[in-house]
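Reader: Hi! Could you walk me through this one?
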Amino acid sequence: MRVVVIGGTGLIGSKLVTKLGEHGHEAVPASPESGVNTLTGEGLSEILDGSDVVADVSNSPSFEDAAVLQFFETSTRNLLAAEKTTGVGHHVALSVVGTDRLAESGYFRAKIAQEKLIKESSIPYSIVHATQFFEFIKRIADAATDGNTVRLAPVLIQPMAADDVASAVGRTAGGSPINGTIEVAGPEQFHLDELIRKALSARKDPREVVTDPKAPYFGAQLGERTLVPEDGATLAETRFESWLAQTPVSTP
Ligand SMILES: NC(=O)c1ccc[n+]([C@@H]2O[C@H](COP(=O)([O-])OP(=O)(O)OC[C@H]3O[C@@H](n4cnc5c(N)ncnc54)[C@H](OP(=O)(O)O)[C@@H]3O)[C@@H](O)[C@H]2O)c1
């Protein structure tokens with residue numbers, strides 16, 4: 001199958017392009033660098049022409065409330081319209097476990113808007129809800145940092161390796177549309193505050209993690225199970241400790 005990977009230069013996108021190729025698909029990476037811009041529509045019809053599947057693993061360059069909403073709404077509208085014109089038969093999108101429970105956050109309101117457009121369109125679709133990537137842990141810490149203190153709630157989190165996320169999206173893109181959402185997650189649950197404490201200490205980061213049940217996560221209050229999947233999620237293999245041991249300290 002010919003699969004266009006929107007955001008094919010990104011963390012998940014570059015791994016996805018490789019994995020699809022290994023499984024015999026023609027994977028076409030698309031991003032502004034290669035002349036495809038989902039915000040302006042530039043290059044979209046040309047690259048989608050003759051394609052079977054679009055896998056959208058793009059992300060907004062800015063997480064500011066208005067910018068991120070504009071990114072996911074405009075780019076998803078442009079993509080779905082171009083898919084309709086060119087006859088693409090499957091739209092696959094990567095989103096986040098718990099998105100619908102996180103509407104207090106501007107980022108997640110944008111992901112809710114993205115998913116709504118997909119569900120309302122006439123293009124057959126599959127949405128993959130993944131938990132937080134191990135690679136994203138530093139960014140979670142940075143967003144919760146004030147001076148030398150990182151404030152985090154002691155809620156459950158079940159993170160996973162970006163490599164396993166790309167495998168899950170690849171399997172979905174290679175299959176038939178489910179017109180629904182599947183959940184994928186890591187093999188172990190942690191408490192968010194403890195996970196970040198462990199990750200910072202492994203990297204000799206001097207910041208202190210303070211446990212605070214009221215600390216927001218990208219603007220949203222968290223309940224005990226907001227970030228973890230329902231029973232029946234597909235569980236990935238890579239454990240946090242083995243990922244940490246294999247990952248160079250300089251990796252963000
Ligand atoms: N972080 C997490 O823990 C987590 C968990 C679950 C799901 N997700 C979802 O995973 C997805 C991918 O995240 P990621 O970390 O892999 O993203 P990333 O590394 O930041 O990559 C973003 C990609 O989007 C492309 N892009 C940006 N603006 C574009 C535009 N106007 N037109 C076309 N492409 C554009 C970028 O292209 P350039 O390289 O040219 O900028 C890049 O290829 C996101 O949708 C996110 O919501 C994230």
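Author: Helix H1 (11-22), helix H3 (65-86), strand E4 (90-96) and helix H4 (106-120) each give at least two residues to the shell around the ligand; helices (H or I, at least four residues) and strands (E, at least two) are DSSP runs numbered from the N terminus. This is a predicted model, where local features need pLDDT of at least 70, side-chain atom pairs count only at pLDDT 80 or more, and totals for chains, interfaces and linings use all residues. Residues are numbered from 1 along each chain as its sequence is written, and side-chain values use heavy atoms, with hydrogens and water left out.

Reader: Which element gives the most to the shell around the ligand?
Author: E4 does, with three residues.

Reader: And how many residues surround the ligand?
Author: 27, with a heavy atom within 4 Å as the cut-off; Thr9, Leu11, Asn37, Ser58 and Tyr107 are the closest.

Reader: What about Asn37 and the ligand's nitrogen?
Author: A polar side-chain atom of Asn37 is 2.8 Å from a nitrogen atom of the ligand. Thr38 has a side-chain N or O atom 3.0 Å from a ligand nitrogen, and a polar backbone atom of Phe133 lies 2.9 Å from a ligand oxygen.

Reader: Switching topic: how many aromatic pairs are there?
Author: The whole structure has 12, counting rings of Phe, Tyr and Trp (its six-membered ring) with centres within 6.5 Å; planes under 30 degrees apart are stacked, over 60 edge-to-face, and the rest tilted. One of them, Phe134 with Trp243, is tilted, at 5.4 Å centre to centre and 45° between the planes.

Reader: Where do those two sit in the chain?
Author: Phe134 is in the loop between strand E5 (125-130) and helix H5 (137-143), and Trp243 is in helix H8 (residues 240-246), 109 residues apart.

Note on methods:
Polar contact = N/O pair within 3.5 Å; in protein donor to acceptor, adjacent residues only side chain to side chain.
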